[in-house]
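Today I'm looking up which side chains pair up or bond across the chain.

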Amino acid sequence: MESPEQSAPVAAEVEEDVLDESVEHVQPPAPAAPRTRFRRKRDYAVVVLIVLVVAGVATFWWRNSDAAATTSVTNADTSLTVPPKPAKVPAEFKQLWQARSGSTTDPVIVGPTVVTGDKHVVTGHDPVTGASRWSYDRGNVDLCTVTAAWGKAVAVYHKTHNCSEVTELDGVTGKRGAQRNGDAELGTQLMGDSTYLSTSGTKIIDTWRSDLVQTQQYGTVTAQVNHDKQPRLNCVYSSEMAGPNLLGVIERCPDEQYNRFTLLRPGGTEGDGEKPNVLFSVQVPGDGGRIVALTEQRSAIALPNPSRLVIWNSTGSQVETVPLAGVDLAAVPNSVVQPTVALTCIQTPDQNGTCEPNSWSTTNSVGVRLITWFTGSKTIALSGTTLDPLWTVDGSFGPGTVYADRVLVPVPGGLAVVDPANGNRGPDVKVDRKGYQGQVRLATLGDVLVEQRGDTLVAMR
């Protein structure tokens with residue numbers, strides 16, 4: 001038997017052998033492989049393919065983008081002038097030019113320019129020659145409507161499911177100004193009062209100020225944050241109108257057995273942009289009512305069966321009912337916004353309040369002297385103070401306009417010439433409408449008279 005002293009060296013020897021064997025079998029890390037060089041033709045082909053795909057996608061996106069689809073031709077001449085004021089009404093108006101304008105209901109006059117809107121193009125024309133001064137073409141986006149407001153042309157385009165894109169265009173240069181998105185319905189009309197502009201609709205009304213910042217929404221709001229801000233929801237609107245800092249709506253709401261007339265301030269509620277500024281909301285007797293006039297002191301609604309004019313004061317109380325003898329309200333134009341024209345004048349400082357010579361004009365601001373309303377078969381002039389009927393032109397085609405201190409009202413074969421102060425009618429003026437017998441809307445630019453006949457705009461002198 002071996003002693004411990006003899007066995008110890010053997011153990012040390014074995015441990016040393018084990019360690020030597022472990023070191024011997026450990027493999028050192030492999031050296032890094034050389035970097036693959038970009039040499040093969042296949043590599044270049046892949047890169048070229050990627051570049052082509054990216055370029056193709058970018059090109060497709062650009063060609064289908066708003067910017068690529070828009071063509072804006074502007075006018076550099078800022079010295080344009082308005083034709084001279086007419087001294088008198090001529091015996092006959094002769095055509096100067098005509099253009100299609102299917103996106104307007106009334107002639108659009110902006111500064112020294114006559115504006116048309118058709119399909120996807122807004123065009124500014126020289127009033128005498130009809131030559132194009134500028135144009136704004138959205139290419140693949142159709143127009144909803146065009147109007148004049150704040151010295152600009154305001155165009156609304158059908159961008160998605162509704163009339164959502166709003167653009168201002170300078171009347172002289174055609175340069176694009178402010179742009180916004182909204183929720184206006186298809187078929188919308190624009191209602192202006194010189195300060196605010198509102199869209200018509202059966203469920204919702206948008207209102208903007210001159211920089212196109214939205215001041216108010218009224219109705220069933222699509223992206224409603226605070227549902228309690230709207231006084232009523234899911235109502236259907238049948239008649240709307242803008243007045244001087246006013247907006248009127250006739251609405252039928254769920255669970256109500258009557259129509260209601262609501263009068264608002266279009267600027268909204270101060271300090272709470274989500275809440276409409278309602279002045280009053282009252283019951284309207286019967287059905288089929290149409291708002292025909294709004295002033296600071298009174299509001300007038302035409303009602304059928306029997307035909308009558310019901311007048312409210314500024315607090316929502318009925319103050320008068322005026323029979324409309326011989327007026328068939330079944331012929332009232334099927335439009336949410338009734339065809340009316342507000343007329344004002346500079347008055348002499350005497351007790352009679354007579355107007356100064358050559359001072360009558362069309363406006364929709366404070367100080368309205370007359371409001372002419374087209375019933376579908378007659379043109380009725382209402383007092384700007386009481387809203388009572390003053391005079392009537394039978395068999396007319398539209399509400400008319402002012403020209404040389406006379407109201408010109410479209411009638412078969414021409415224009416009735418009416419003294420706005422007393423309704424006296426002089427000899428008619430001849431106009432050859434080439435067989436057209438529909439509604440006619442009028443506007444003037446200096447001594448140029450512009451008629452909207454359906455989807456055609458005609459300038460005359």
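Predicted model: local features only at pLDDT ≥ 70, side-chain atom pairs only at ≥ 80, totals over all residues.

I started with R298 and E320, whose side chains meet in a salt bridge at 3.3 Å, N to O. My note on the term: a side-chain nitrogen of Lys or Arg lies within 4 Å of a carboxyl oxygen of Asp or Glu. R298 sits in strand β20 (residues 298-303) and E320 in strand β22 (residues 318-323), 22 residues apart. Strands (E, at least two residues) and helices (H or I, at least four) are DSSP runs, numbered from the N terminus.

Residues are numbered from 1 along each chain as its sequence is written, and side-chain values use heavy atoms, with hydrogens and water left out.

The cut-offs are under 20% relative accessible area for buried and over 50% for exposed, with partly exposed in between (1.4 Å probe, protein chains only).

Next I counted: the structure holds 19 salt bridges. One of them joins R138 to E165, with the closest N and O atoms 2.8 Å apart.

Then I checked R461 and D447, a salt bridge at 3.1 Å between the closest N and O atoms. R461 comes in the segment after β34 (456-460) and D447 in the loop between β32 (440-445) and β33 (448-453), so the pair ties together parts 14 residues apart in sequence. R461 is partly exposed at 36%, whereas D447 is buried at 15%.

How many disulfides are there? I found three, a disulfide being a pair of cysteine sulfur atoms within 2.5 Å. C144 and C163 are joined at 2.1 Å, S to S. Their S-S torsion is about -95 degrees, so this disulfide is left-handed. C144 lies in strand β7 and C163 in strand β9, 19 residues apart.

C235 and C253 also have sulfur atoms 2.1 Å apart, but here the torsion is about 105 degrees, so the link is right-handed.

Last, C345 bonds to C355 at 1.9 Å. That link is left-handed, with -50 degrees about the S-S bond, and both cysteines are buried.
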